[in-house]
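Here is a short tour of one protein model. Look at the structure first, then read on.

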Amino acid sequence: MNNNSRRIVSRRTFWCLCLAAGLLFLGAVFLLSRHADMQDCERRMTELIDFVKEQSSSYVQYNEIAVAKALVRETTAVQELDGVTLDCGEDELRQYVERLGLTGISVLDANGRLVCEYSADSIGYTRLQTDLEVERVLAVIGHPQSTYVRRVQLTDGSFADAAVRSCADGRGAVLGWRHTGAAFAKKSVLSVQNLLDGYDAETTGTVLLSDGNRVTASDEPSLIGTDTTENDLLRRIRSSGHADRLVYAGRRGLTRYYGMYSHGRNFYYYIYVPGRLLYRDTPINLIVSFFACAIVLTLLLFVRRGTEKSFLQQQKRSKRNIRPHLSRRTPSLNALSVRKRRQTAPSANFCSICRTTSARR
């Protein structure tokens, strides 16, 4: 019973030690693999954001230079309108438009009201004045050396480069503009959205740029134009306060998300990925480690069983060796007992004779 109980205890101890060692090993593999995956994901996010940041900055710089060149060209053209007065008619304005390559010219009085206008298309002062600052327009009146220039973005996606200068008689202002259609405007302006269209949110994660709280570009089209404060993932990423660092963004259903944000000169940059894109190597490492533990445990069981068998065989051999020695010692013990009996026999007979003699007396 003691041997059986000891074997049971030793087996329980063996299994407990194996289970504890396996759990510790798998836990260590999980923590190390998770840390490595998070470091790798943070590196990939940083590289992607840095690339998008660099490209967007270059796009913005290119667009600003293009706008500046267009406005300078418009300023030069408007300077040629130094002969326009409030008394000019539409035919005279049409001649200026054809000679200078403008789209249209408007003449305004000192109060900013339209006096005369000619336009080669449907664009006129009525559509342009919504994006022009009236104070800046009226400020050039009476100052021939002053010019107010601005690119006006229209609702149909087109734009107009407008320039305003004082009339020759100083009683009003003359406005000249060049209109660019929506089709050509889209091609002439570099857009970060075109860059992000080359990314797939299912493989690289969701990338977006925001101008303040409004999303201006993203590889997920449904997010364009939305407010970042209304997106729970973006709100948690921003509220973490850790720029350029991977943070936990929250959960949607059963999916956990991780992301980061970064500051730029013109935009805020966000990126977030689901957990399946973050934990790339961790599941594989855990599976391989589990099978490795199973193999090691199997080897230990074979070694343990072999050790037990050899121990039992050794015990059987020792028992077999002890039995002949016991059989050899048994005859010698019997002979000694016979000798002792013989030595004690005369004394016993003498005592019996004495008892008989005394009885006769």
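## Strand β10 and its partners

β9 and β10 run antiparallel, joined by seven bridges. The model is a predicted one. A hairpin of four residues links β9 to β10. Within this pairing, G259 stands opposite Y272 of β10.

β10 also pairs with β6. Five bridges join β6 and β10, and these strands run antiparallel. Here L208 has Y270 in β10 as its bridge partner. How many of the seven residues of β10 are buried? Six are, so to speak, under cover: β10 is mostly covered.

## The largest nonpolar core

The largest nonpolar core holds 23 residues. Those that touch the most other members are M45, L196, L209, L246 and I271. Several elements each supply at least two residues: α1 (2-79), α6 (192-196), β6 (206-211), β9 (255-263), β10 (268-274) and α9 (275-278). Which of them gives the largest share? α1 does, with eight residues.

In general, nonpolar side chains tend to be buried together in soluble globular proteins.

## Around I271

I271 is one of the residues that touch the most other core members. What is in contact with I271, once neighbours within four places in sequence are left aside? The contacts are M45, L48, I49, T204, T206, V207, I237, Y258, G259 and M260. M45 is itself among the core residues that touch the most other members. G259 is the residue opposite Y272 in β10.

## A separate core

Another core lies apart from the largest one. This other core has 18 residues, including A77, L81, V84 and L102.

Note on methods
Residues are numbered from 1 along each chain as its sequence is written. This is a predicted model: local features need pLDDT of at least 70, side-chain atom pairs count only at pLDDT 80 or more; totals for chains, interfaces and linings use all residues. Side-chain values use heavy atoms; hydrogens and water are left out. A nonpolar core is a set of buried Ala, Val, Leu, Ile, Met, Phe, Trp, Tyr and Cys residues joined through side-chain atoms within 4.5 Å. Buried means under 20% relative accessible area, exposed over 50%, partly exposed in between (1.4 Å probe, protein chains only). Contact means heavy atoms within 4.5 Å. Two strands pair if DSSP finds at least two bridges between them.
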